[in-house]
Amino acid sequence: MSTFTAPKGIPEYYPPRSADFLAVRDTLADAARRAGYGYIELPLFEDTGLFARGVGESTDVVSKEMYTFADQGGRSITLRPEGTAGVIRSVIEHGLDRGQLPLKLYYSGAFFRYERPQAGRYRQLQQLGVEAIGVDDPALDAEVIAVADEGYRRLGITGHRIELTSLGDADCRPEYRAKLLEFLRGLPLDEPTRQRAELNPLRVLDDKRPEVREMLADAPLMADHLSAASKEHYERVKTHLSDLGVAFTENPWLVRGLDYYTKTTFEFVHDGLGAQSGIGGGGRYDGLMAELGGAELSGIGFGLGLDRTLLACEAEGVTPAGQSRCEVYCVPLGEAARRHLVRVSGDLRKSGTRVEVAYGGKGLKGAMKSADRSGARFALVVGERDLESGTAQLKDLSSGEQRTVALDGAADEVRAALEASP
RNA sequence: GUGGGUGUAGCUCAGGCGGUAGAGCACUGGGUUGUGGUCCCAGGAGUCGCGGGUUCGAAUCCCGUCACUCACCCCA
(Lines give C-alpha, C1' and ligand atoms only; values in the text may rest on other atoms or scores of the structure.)
Protein backbone atom coordinates (compact mmCIF):
# COMPACT_ATOMS: atom_id res chain seq x y z
CA MET A 1 0.00 0.00 0.00
CA SER A 2 1.29 3.45 -0.85
CA THR A 3 2.01 6.05 1.80
CA PHE A 4 -0.73 8.36 0.65
CA THR A 5 -4.24 7.46 -0.33
CA ALA A 6 -6.99 9.46 -1.96
CA PRO A 7 -9.36 11.27 0.37
CA LYS A 8 -12.28 9.15 1.49
CA GLY A 9 -15.18 8.65 -0.83
CA ILE A 10 -13.71 10.12 -3.98
CA PRO A 11 -13.80 8.16 -7.21
CA GLU A 12 -10.77 8.29 -9.47
CA TYR A 13 -10.98 7.49 -13.15
CA TYR A 14 -7.99 6.19 -15.07
CA PRO A 15 -7.56 4.31 -18.35
CA PRO A 16 -9.32 2.48 -19.74
CA ARG A 17 -12.45 3.42 -17.77
CA SER A 18 -11.70 7.14 -17.83
CA ALA A 19 -12.41 7.12 -21.57
CA ASP A 20 -15.99 6.10 -20.87
CA PHE A 21 -16.28 8.69 -18.12
CA LEU A 22 -15.13 11.43 -20.48
CA ALA A 23 -17.53 10.20 -23.13
CA VAL A 24 -20.41 10.42 -20.65
CA ARG A 25 -19.60 14.05 -19.99
CA ASP A 26 -19.03 14.88 -23.65
CA THR A 27 -22.19 13.17 -24.84
CA LEU A 28 -24.44 14.85 -22.27
CA ALA A 29 -22.79 18.22 -22.90
CA ASP A 30 -23.34 17.75 -26.61
CA ALA A 31 -27.06 17.20 -26.06
CA ALA A 32 -27.22 20.49 -24.13
CA ARG A 33 -25.23 22.39 -26.77
CA ARG A 34 -27.43 21.09 -29.56
CA ALA A 35 -30.43 22.56 -27.77
CA GLY A 36 -28.78 25.97 -27.55
CA TYR A 37 -27.31 25.93 -24.06
CA GLY A 38 -24.06 27.87 -23.67
CA TYR A 39 -21.25 26.84 -21.38
CA ILE A 40 -20.65 28.64 -18.08
CA GLU A 41 -17.51 28.06 -15.98
CA LEU A 42 -17.99 28.73 -12.29
CA PRO A 43 -16.00 28.64 -9.05
CA LEU A 44 -15.73 25.40 -7.13
CA PHE A 45 -16.33 27.31 -3.91
CA GLU A 46 -18.55 30.22 -2.96
CA ASP A 47 -19.50 32.34 0.01
CA THR A 48 -21.15 29.99 2.50
CA GLY A 49 -24.14 32.32 2.72
CA LEU A 50 -25.02 31.70 -0.93
CA PHE A 51 -25.84 28.06 -0.30
CA ALA A 52 -27.42 28.68 3.09
CA ARG A 53 -29.78 31.15 1.43
CA GLY A 54 -30.18 29.54 -1.97
CA VAL A 55 -30.40 25.85 -1.17
CA GLY A 56 -32.22 26.29 2.12
CA GLU A 57 -31.19 26.07 5.77
CA SER A 58 -33.59 23.21 6.37
CA THR A 59 -32.03 20.88 3.80
CA ASP A 60 -29.68 18.10 4.80
CA VAL A 61 -27.24 19.39 2.25
CA VAL A 62 -26.84 22.68 4.06
CA SER A 63 -27.36 21.53 7.63
CA LYS A 64 -24.85 18.67 7.68
CA GLU A 65 -23.24 17.91 4.34
CA MET A 66 -21.23 20.99 3.40
CA TYR A 67 -17.48 21.30 3.24
CA THR A 68 -17.18 24.67 4.97
CA PHE A 69 -14.00 26.36 6.16
CA ALA A 70 -12.46 29.75 6.77
CA ASP A 71 -9.97 31.05 4.21
CA GLN A 72 -6.85 33.06 5.06
CA GLY A 73 -8.90 36.22 5.15
CA GLY A 74 -11.37 34.81 7.63
CA ARG A 75 -14.20 34.50 5.10
CA SER A 76 -16.49 31.48 5.38
CA ILE A 77 -16.05 29.45 2.22
CA THR A 78 -18.00 26.39 1.09
CA LEU A 79 -17.12 23.86 -1.59
CA ARG A 80 -20.17 23.90 -3.86
CA PRO A 81 -22.64 21.11 -3.02
CA GLU A 82 -24.83 21.76 -6.07
CA GLY A 83 -24.81 23.92 -9.17
CA THR A 84 -27.91 26.05 -9.43
CA ALA A 85 -27.16 28.56 -6.67
CA GLY A 86 -23.79 29.41 -8.22
CA VAL A 87 -25.28 29.81 -11.69
CA ILE A 88 -27.97 32.15 -10.41
CA ARG A 89 -25.39 34.13 -8.44
CA SER A 90 -23.29 34.60 -11.56
CA VAL A 91 -26.29 35.51 -13.69
CA ILE A 92 -27.30 38.22 -11.23
CA GLU A 93 -23.74 39.46 -10.70
CA HIS A 94 -23.07 39.88 -14.42
CA GLY A 95 -26.55 40.90 -15.48
CA LEU A 96 -26.80 37.95 -17.85
CA ASP A 97 -30.59 38.07 -17.55
CA ARG A 98 -30.78 41.50 -19.16
CA GLY A 99 -30.59 40.16 -22.68
CA GLN A 100 -32.93 37.86 -24.54
CA LEU A 101 -34.76 35.32 -22.46
CA PRO A 102 -34.69 32.50 -21.74
CA LEU A 103 -31.05 32.51 -20.80
CA LYS A 104 -29.85 28.96 -21.42
CA LEU A 105 -26.67 27.75 -19.73
CA TYR A 106 -24.93 24.48 -18.94
CA TYR A 107 -22.09 23.64 -16.60
CA SER A 108 -20.08 20.60 -15.61
CA GLY A 109 -17.61 19.76 -12.92
CA ALA A 110 -17.06 18.59 -9.37
CA PHE A 111 -19.39 19.06 -6.42
CA PHE A 112 -18.79 18.20 -2.80
CA ARG A 113 -20.91 16.77 -0.04
CA TYR A 114 -19.70 15.47 3.27
CA GLU A 115 -21.61 12.20 3.60
CA ARG A 116 -20.90 8.55 4.31
CA PRO A 117 -19.89 7.13 0.93
CA GLN A 118 -21.56 4.10 -0.59
CA ALA A 119 -22.12 2.67 -4.04
CA GLY A 120 -22.77 5.59 -6.39
CA ARG A 121 -22.58 8.17 -3.62
CA TYR A 122 -19.37 10.11 -3.30
CA ARG A 123 -17.98 13.07 -1.41
CA GLN A 124 -16.68 14.51 -4.64
CA LEU A 125 -19.20 13.95 -7.37
CA GLN A 126 -19.30 15.00 -11.00
CA GLN A 127 -22.36 16.59 -12.49
CA LEU A 128 -23.48 18.18 -15.69
CA GLY A 129 -26.32 20.62 -15.31
CA VAL A 130 -28.49 22.91 -17.35
CA GLU A 131 -30.44 26.04 -16.40
CA ALA A 132 -33.03 27.89 -18.49
CA ILE A 133 -33.82 31.20 -16.85
CA GLY A 134 -36.43 33.90 -17.28
CA VAL A 135 -39.34 32.28 -19.06
CA ASP A 136 -42.09 30.33 -17.32
CA ASP A 137 -43.25 28.32 -20.29
CA PRO A 138 -44.25 24.65 -19.86
CA ALA A 139 -42.67 23.93 -23.26
CA LEU A 140 -39.34 24.99 -21.80
CA ASP A 141 -39.80 22.55 -18.92
CA ALA A 142 -40.38 19.84 -21.48
CA GLU A 143 -37.30 20.87 -23.44
CA VAL A 144 -35.06 20.64 -20.41
CA ILE A 145 -36.29 17.14 -19.64
CA ALA A 146 -35.95 16.17 -23.28
CA VAL A 147 -32.34 17.34 -23.35
CA ALA A 148 -31.44 14.90 -20.59
CA ASP A 149 -33.40 12.14 -22.27
CA GLU A 150 -31.63 12.84 -25.55
CA GLY A 151 -28.27 12.70 -23.77
CA TYR A 152 -29.05 9.31 -22.30
CA ARG A 153 -30.29 8.10 -25.67
CA ARG A 154 -27.06 9.18 -27.37
CA LEU A 155 -25.07 7.38 -24.72
CA GLY A 156 -26.99 4.28 -25.60
CA ILE A 157 -28.68 3.55 -22.30
CA THR A 158 -32.31 2.45 -22.34
CA GLY A 159 -32.94 1.35 -18.75
CA HIS A 160 -33.64 4.78 -17.30
CA ARG A 161 -37.04 6.20 -16.61
CA ILE A 162 -38.32 9.68 -15.94
CA GLU A 163 -40.42 10.34 -12.87
CA LEU A 164 -42.47 13.48 -12.95
CA THR A 165 -44.70 15.50 -10.68
CA SER A 166 -45.64 19.07 -9.77
CA LEU A 167 -44.79 20.63 -6.44
CA GLY A 168 -47.27 23.48 -6.88
CA ASP A 169 -46.65 27.19 -6.54
CA ALA A 170 -46.85 29.97 -3.96
CA ASP A 171 -50.65 29.97 -4.21
CA CYS A 172 -51.29 26.34 -3.40
CA ARG A 173 -48.18 24.93 -1.74
CA PRO A 174 -48.54 26.66 1.68
CA GLU A 175 -52.07 25.38 2.06
CA TYR A 176 -51.09 21.86 1.10
CA ARG A 177 -48.00 21.99 3.26
CA ALA A 178 -50.07 22.84 6.31
CA LYS A 179 -52.46 20.03 5.53
CA LEU A 180 -49.63 17.53 5.17
CA LEU A 181 -48.01 18.69 8.37
CA GLU A 182 -51.23 18.22 10.22
CA PHE A 183 -51.46 14.68 8.86
CA LEU A 184 -47.86 13.90 9.81
CA ARG A 185 -48.30 15.21 13.34
CA GLY A 186 -50.94 12.54 13.85
CA LEU A 187 -48.46 9.80 12.96
CA PRO A 188 -46.23 7.90 15.44
CA LEU A 189 -43.00 8.96 13.75
CA ASP A 190 -39.56 8.76 15.30
CA GLU A 191 -38.02 11.95 16.60
CA PRO A 192 -35.66 12.82 13.67
CA THR A 193 -38.48 12.32 11.20
CA ARG A 194 -40.80 14.38 13.35
CA GLN A 195 -38.30 17.22 13.30
CA ARG A 196 -37.92 16.93 9.56
CA ALA A 197 -41.69 17.16 9.23
CA GLU A 198 -41.73 20.43 11.16
CA LEU A 199 -38.90 21.80 9.05
CA ASN A 200 -40.23 20.67 5.70
CA PRO A 201 -43.09 18.15 5.70
CA LEU A 202 -42.72 17.45 1.96
CA ARG A 203 -39.41 15.71 2.46
CA VAL A 204 -40.93 13.08 4.73
CA LEU A 205 -42.80 11.75 1.72
CA ASP A 206 -39.48 10.57 0.32
CA ASP A 207 -38.74 8.22 3.22
CA LYS A 208 -37.92 4.73 1.97
CA ARG A 209 -38.42 2.76 5.16
CA PRO A 210 -41.31 0.28 4.70
CA GLU A 211 -42.93 1.02 8.05
CA VAL A 212 -42.93 4.74 7.26
CA ARG A 213 -44.22 4.15 3.74
CA GLU A 214 -47.12 2.23 5.19
CA MET A 215 -48.07 5.11 7.47
CA LEU A 216 -47.81 7.48 4.53
CA ALA A 217 -50.20 5.51 2.35
CA ASP A 218 -53.10 7.85 3.08
CA ALA A 219 -51.07 11.05 3.13
CA PRO A 220 -52.52 14.00 1.20
CA LEU A 221 -50.66 14.52 -2.07
CA MET A 222 -49.71 17.76 -3.78
CA ALA A 223 -51.12 16.45 -7.01
CA ASP A 224 -54.61 16.60 -5.52
CA HIS A 225 -54.16 20.14 -4.21
CA LEU A 226 -52.72 22.00 -7.17
CA SER A 227 -54.07 25.45 -7.95
CA ALA A 228 -55.77 25.88 -11.30
CA ALA A 229 -52.72 27.64 -12.72
CA SER A 230 -50.28 25.01 -11.46
CA LYS A 231 -52.46 22.22 -12.74
CA GLU A 232 -52.71 23.83 -16.16
CA HIS A 233 -48.93 24.29 -16.21
CA TYR A 234 -48.34 20.68 -15.31
CA GLU A 235 -50.80 19.35 -17.88
CA ARG A 236 -49.11 21.34 -20.61
CA VAL A 237 -45.68 20.02 -19.62
CA LYS A 238 -47.01 16.49 -20.01
CA THR A 239 -48.53 17.30 -23.37
CA HIS A 240 -45.28 18.75 -24.67
CA LEU A 241 -43.32 15.77 -23.41
CA SER A 242 -45.63 13.45 -25.25
CA ASP A 243 -45.26 15.55 -28.39
CA LEU A 244 -41.50 15.26 -27.99
CA GLY A 245 -41.79 11.50 -27.70
CA VAL A 246 -40.34 11.49 -24.20
CA ALA A 247 -41.78 8.74 -22.03
CA PHE A 248 -42.36 9.47 -18.36
CA THR A 249 -44.17 8.11 -15.34
CA GLU A 250 -45.98 10.27 -12.83
CA ASN A 251 -44.87 9.92 -9.23
CA PRO A 252 -46.91 12.12 -6.87
CA TRP A 253 -44.66 11.11 -3.96
CA LEU A 254 -41.62 12.58 -5.65
CA VAL A 255 -40.00 15.38 -3.66
CA ARG A 256 -36.56 16.87 -3.94
CA GLY A 257 -34.00 17.52 -1.29
CA LEU A 258 -33.51 21.15 -2.23
CA ASP A 259 -36.01 23.70 -0.99
CA TYR A 260 -36.19 25.93 -4.03
CA TYR A 261 -38.17 23.67 -6.34
CA THR A 262 -41.69 24.61 -7.45
CA LYS A 263 -44.13 23.35 -10.07
CA THR A 264 -42.48 20.88 -12.46
CA THR A 265 -40.17 18.48 -10.67
CA PHE A 266 -38.54 15.37 -12.06
CA GLU A 267 -36.00 12.70 -11.42
CA PHE A 268 -34.13 10.29 -13.69
CA VAL A 269 -33.81 6.86 -12.14
CA HIS A 270 -32.01 3.71 -13.18
CA ASP A 271 -32.01 0.27 -11.59
CA GLY A 272 -28.74 -1.53 -11.31
CA LEU A 273 -26.61 1.03 -9.50
CA GLY A 274 -27.27 -0.27 -6.03
CA ALA A 275 -29.43 1.61 -3.56
CA GLN A 276 -28.77 5.02 -5.07
CA SER A 277 -30.97 4.80 -8.10
CA GLY A 278 -31.21 8.48 -9.02
CA ILE A 279 -28.92 9.39 -11.90
CA GLY A 280 -30.22 12.92 -12.22
CA GLY A 281 -32.97 15.28 -11.25
CA GLY A 282 -34.22 18.80 -11.36
CA GLY A 283 -37.17 21.08 -11.60
CA ARG A 284 -38.50 24.59 -11.77
CA TYR A 285 -37.63 27.23 -9.22
CA ASP A 286 -39.83 30.31 -9.03
CA GLY A 287 -38.41 32.25 -6.12
CA LEU A 288 -34.70 31.54 -6.23
CA MET A 289 -33.56 34.50 -8.35
CA ALA A 290 -35.35 37.01 -6.15
CA GLU A 291 -34.21 35.23 -3.01
CA LEU A 292 -30.61 35.76 -4.09
CA GLY A 293 -31.14 39.43 -4.88
CA GLY A 294 -32.01 39.25 -8.54
CA ALA A 295 -35.07 39.98 -10.62
CA GLU A 296 -38.36 38.15 -10.17
CA LEU A 297 -37.49 35.53 -12.75
CA SER A 298 -38.16 31.82 -12.56
CA GLY A 299 -35.96 29.14 -13.98
CA ILE A 300 -35.80 25.44 -14.64
CA GLY A 301 -32.86 23.10 -14.75
CA PHE A 302 -31.42 19.71 -13.98
CA GLY A 303 -28.29 18.16 -12.57
CA LEU A 304 -27.12 14.84 -13.93
CA GLY A 305 -24.72 12.71 -11.94
CA LEU A 306 -21.85 11.71 -14.20
CA ASP A 307 -20.50 9.08 -11.83
CA ARG A 308 -23.88 7.42 -11.57
CA THR A 309 -24.55 7.71 -15.28
CA LEU A 310 -21.31 5.86 -15.91
CA LEU A 311 -22.47 3.15 -13.51
CA ALA A 312 -25.74 2.99 -15.43
CA CYS A 313 -23.84 2.53 -18.69
CA GLU A 314 -21.77 -0.24 -17.17
CA ALA A 315 -24.86 -1.94 -15.75
CA GLU A 316 -26.24 -2.06 -19.29
CA GLY A 317 -22.96 -3.10 -20.88
CA VAL A 318 -22.81 0.16 -22.80
CA THR A 319 -19.38 1.60 -23.63
CA PRO A 320 -19.76 5.30 -24.53
CA ALA A 321 -16.14 5.70 -25.67
CA GLY A 322 -16.51 4.45 -29.20
CA GLN A 323 -13.26 4.70 -31.05
CA SER A 324 -10.13 2.85 -30.06
CA ARG A 325 -7.24 4.97 -28.94
CA CYS A 326 -5.03 3.96 -31.85
CA GLU A 327 -5.34 3.33 -35.58
CA VAL A 328 -1.74 2.64 -36.55
CA TYR A 329 1.00 1.16 -34.39
CA CYS A 330 4.58 1.72 -35.54
CA VAL A 331 7.14 -0.96 -34.83
CA PRO A 332 10.78 0.02 -35.42
CA LEU A 333 13.60 -2.51 -35.15
CA GLY A 334 16.74 -0.62 -34.24
CA GLU A 335 17.61 3.04 -33.87
CA ALA A 336 17.84 3.86 -37.58
CA ALA A 337 14.37 2.44 -38.16
CA ARG A 338 13.02 4.26 -35.14
CA ARG A 339 14.17 7.57 -36.56
CA HIS A 340 12.19 6.94 -39.73
CA LEU A 341 9.07 5.78 -37.93
CA VAL A 342 9.08 8.64 -35.45
CA ARG A 343 9.07 10.93 -38.48
CA VAL A 344 6.21 8.99 -40.08
CA SER A 345 4.23 9.07 -36.82
CA GLY A 346 4.56 12.85 -36.71
CA ASP A 347 3.39 13.10 -40.30
CA LEU A 348 0.37 10.92 -39.57
CA ARG A 349 -0.61 12.83 -36.43
CA LYS A 350 -0.53 16.09 -38.33
CA SER A 351 -3.20 14.70 -40.61
CA GLY A 352 -5.31 13.58 -37.67
CA THR A 353 -4.47 9.89 -37.58
CA ARG A 354 -4.30 8.25 -34.16
CA VAL A 355 -0.86 6.69 -34.07
CA GLU A 356 1.47 5.16 -31.53
CA VAL A 357 5.10 4.04 -31.64
CA ALA A 358 6.81 1.19 -29.80
CA TYR A 359 9.41 2.82 -27.58
CA GLY A 360 12.23 1.42 -25.52
CA GLY A 361 13.99 -1.86 -26.11
CA LYS A 362 10.87 -3.78 -26.95
CA GLY A 363 11.47 -6.82 -29.10
CA LEU A 364 9.50 -7.40 -32.27
CA LYS A 365 7.26 -9.94 -30.64
CA GLY A 366 6.57 -7.72 -27.68
CA ALA A 367 5.99 -4.73 -29.94
CA MET A 368 3.47 -6.68 -32.02
CA LYS A 369 1.70 -7.65 -28.84
CA SER A 370 1.50 -3.98 -27.87
CA ALA A 371 0.18 -3.24 -31.34
CA ASP A 372 -2.54 -5.81 -30.80
CA ARG A 373 -3.49 -4.43 -27.36
CA SER A 374 -3.57 -0.86 -28.65
CA GLY A 375 -6.58 -1.68 -30.78
CA ALA A 376 -4.81 -0.44 -33.91
CA ARG A 377 -6.08 -1.59 -37.28
CA PHE A 378 -2.61 -1.56 -38.84
CA ALA A 379 0.96 -2.11 -37.75
CA LEU A 380 3.77 -0.43 -39.62
CA VAL A 381 7.00 -2.39 -39.23
CA VAL A 382 10.48 -1.26 -40.31
CA GLY A 383 13.59 -3.38 -39.74
CA GLU A 384 17.14 -3.69 -41.11
CA ARG A 385 16.12 -5.36 -44.35
CA ASP A 386 13.49 -2.71 -44.98
CA LEU A 387 15.99 0.08 -44.48
CA GLU A 388 18.28 -1.47 -47.09
CA SER A 389 15.48 -1.54 -49.62
CA GLY A 390 13.79 1.68 -48.48
CA THR A 391 10.54 -0.08 -47.61
CA ALA A 392 8.20 -0.72 -44.70
CA GLN A 393 5.79 -3.54 -43.90
CA LEU A 394 2.15 -2.52 -43.54
CA LYS A 395 0.19 -5.20 -41.76
CA ASP A 396 -3.56 -5.43 -41.38
CA LEU A 397 -3.94 -6.65 -37.81
CA SER A 398 -7.38 -8.11 -38.21
CA SER A 399 -6.72 -10.14 -41.37
CA GLY A 400 -3.01 -10.73 -40.81
CA GLU A 401 -2.24 -9.70 -44.37
CA GLN A 402 0.96 -7.79 -44.86
CA ARG A 403 2.34 -5.90 -47.82
CA THR A 404 5.49 -3.99 -48.59
CA VAL A 405 5.26 -0.24 -49.15
CA ALA A 406 7.84 2.43 -49.89
CA LEU A 407 9.21 3.99 -46.72
CA ASP A 408 9.04 7.45 -48.31
CA GLY A 409 5.34 7.17 -48.99
CA ALA A 410 4.47 5.15 -45.88
CA ALA A 411 2.30 7.86 -44.31
CA ASP A 412 0.29 8.23 -47.52
CA GLU A 413 -0.07 4.45 -47.80
CA VAL A 414 -1.38 4.28 -44.24
CA ARG A 415 -3.88 7.07 -44.83
CA ALA A 416 -5.08 5.37 -48.01
CA ALA A 417 -5.41 2.02 -46.23
CA LEU A 418 -7.44 3.57 -43.42
CA GLU A 419 -9.74 5.25 -45.96
CA ALA A 420 -10.17 2.07 -47.94
CA SER A 421 -11.35 -0.01 -44.97
CA PRO A 422 -13.33 2.19 -42.58
C1' G B 1 -24.43 9.65 13.10
C1' U B 2 -26.22 3.99 13.05
C1' G B 3 -25.75 -1.24 11.36
C1' G B 4 -23.49 -5.42 8.32
C1' G B 5 -19.29 -7.27 5.37
C1' U B 6 -14.19 -7.40 3.90
C1' G B 7 -8.75 -6.48 4.42
C1' U B 8 -3.33 -12.08 1.29
C1' A B 9 0.97 -10.26 -5.58
C1' G B 10 -0.52 -4.40 -9.93
C1' C B 11 -6.00 -6.58 -10.42
C1' U B 12 -9.81 -10.59 -9.03
C1' C B 13 -9.44 -14.02 -5.27
C1' A B 14 -8.12 -19.08 -2.95
C1' G B 15 -5.70 -20.94 1.50
C1' G B 16 -7.22 -20.86 7.13
C1' C B 17 -8.12 -28.02 12.02
C1' G B 18 -1.40 -23.07 13.92
C1' G B 19 4.40 -25.47 10.93
C1' U B 20 7.09 -18.50 8.12
C1' A B 21 2.24 -18.42 1.05
C1' G B 22 -0.87 -20.02 -4.02
C1' A B 23 -4.02 -19.57 -8.69
C1' G B 24 -6.02 -16.80 -12.74
C1' C B 25 -5.41 -12.17 -15.23
C1' A B 26 -1.62 -8.47 -16.20
C1' C B 27 3.72 -7.68 -16.98
C1' U B 28 8.81 -9.57 -18.83
C1' G B 29 11.56 -13.34 -21.51
C1' G B 30 11.64 -17.90 -24.36
C1' G B 31 9.35 -21.84 -27.78
C1' U B 32 9.24 -18.76 -33.43
C1' U B 33 17.91 -15.47 -35.25
C1' G B 34 12.02 -10.01 -38.27
C1' U B 35 5.62 -10.46 -36.74
C1' G B 36 0.35 -9.92 -32.48
C1' G B 37 -4.43 -12.35 -31.23
C1' U B 38 -4.73 -19.27 -29.47
C1' C B 39 -1.22 -22.60 -27.07
C1' C B 40 3.21 -24.25 -24.08
C1' C B 41 7.49 -23.08 -20.76
C1' A B 42 10.01 -19.80 -17.48
C1' G B 43 10.60 -15.31 -14.56
C1' G B 44 9.95 -10.89 -11.51
C1' A B 45 6.58 -9.42 -7.94
C1' G B 46 3.53 -10.02 -1.27
C1' U B 47 6.44 -6.77 6.25
C1' C B 48 -0.79 -12.03 4.49
C1' G B 49 -3.96 -3.75 6.79
C1' C B 50 -1.54 -2.21 11.58
C1' G B 51 -0.58 -3.08 16.97
C1' G B 52 -0.72 -6.30 21.01
C1' G B 53 -1.78 -11.26 23.22
C1' U B 54 -1.66 -16.90 23.40
C1' U B 55 2.23 -20.37 21.52
C1' C B 56 8.41 -23.55 20.54
C1' G B 57 6.03 -21.39 16.16
C1' A B 58 0.42 -16.96 14.01
C1' A B 59 -1.61 -15.25 7.29
C1' U B 60 -4.45 -18.95 10.42
C1' C B 61 -6.72 -18.43 17.29
C1' C B 62 -7.98 -14.00 20.82
C1' C B 63 -8.25 -8.56 21.78
C1' G B 64 -7.78 -3.78 19.94
C1' U B 65 -7.23 -0.41 16.03
C1' C B 66 -7.29 1.60 11.15
C1' A B 67 -8.88 1.35 6.26
C1' C B 68 -12.15 0.00 2.59
C1' U B 69 -17.01 -1.47 1.34
C1' C B 70 -22.43 -2.14 1.38
C1' A B 71 -26.84 -0.38 3.57
C1' C B 72 -29.97 3.25 6.67
C1' C B 73 -30.83 8.69 6.95
C1' C B 74 -30.32 11.72 2.58
C1' C B 75 -28.97 12.67 -2.25
C1' A B 76 -26.34 13.07 -8.16
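Where does Tyr261 lie in relation to strand 8 and strand 9?

1. Tyr261 is placed in the loop between strand 8 (249–250) and strand 9 (262–270); helices (H or I, at least four residues) and strands (E, at least two) are DSSP runs, numbered from the N terminus. The model is predicted: local features need pLDDT of at least 70, side-chain atom pairs count only at pLDDT 80 or more, and totals for chains, interfaces and linings use all residues. Residues are numbered from 1 along each chain as its sequence is written, chains are lettered from A and ligands numbered from 1 in the order written, and side-chain values use heavy atoms, with hydrogens and water left out.

2. Tyr261 is buried, at a relative accessible area of 6%; buried means under 20% relative accessible area (1.4 Å probe, protein chains only). Residues up to four places away in sequence aside, Tyr261 is in contact (heavy atoms within 4.5 Å) with Leu167, Arg173, Arg256, Gly282, Gly283 and Arg284.

3. An unreviewed UniProt entry places a "binding site" at Glu82, Gly83, Thr84, Arg113, Gln127, Glu131, Arg256, Tyr260 and Tyr261. UniProt positions are in the numbering used here, feature names are shortened, and annotations may be inferred rather than shown by experiment.

4. Thr84, a member of that annotated set, lies in helix 4 (residues 84–94). Thr84 counts as buried because its relative accessibility is 6%. Beyond its neighbours within four places in sequence, Thr84 touches Tyr107, Glu131, Tyr260, Tyr285 and Leu288.

5. The largest nonpolar core has 56 residues, and Tyr37, Phe268 and Phe302 have the most contacts inside it. Such a core is a set of buried Ala, Val, Leu, Ile, Met, Phe, Trp, Tyr and Cys residues joined through side-chain atoms within 4.5 Å. Helix 5 (residues 138–155) gives the largest share of this core, nine residues. A second, separate core of 28 residues includes Ala52, Val61, Ile88 and Leu297.

6. RNA strand B is surrounded by 47 residues, of which Arg113, Arg121, Arg196, Gly257 and Arg385 are the closest; a residue is near the strand if one of its heavy atoms lies within 4 Å of it. Sugar and phosphate make up 53% of the atoms of RNA strand B that come within 4 Å of the protein. Helix 13 supplies the largest share of the surface near RNA strand B, six residues.

7. A side-chain N or O atom of Gln118 is 3.3 Å from a phosphate oxygen of RNA strand B. For Ser398, a backbone N or O atom lies 3.4 Å from a base nitrogen of RNA strand B.

Terms used. Buried means under 20% relative accessible area, exposed over 50%, partly exposed in between (1.4 Å probe, protein chains only). A polar contact is a pair of N or O atoms within 3.5 Å; within protein, one must be able to donate a hydrogen and the other to accept it, and residues adjacent in sequence count only if both atoms are side-chain atoms.
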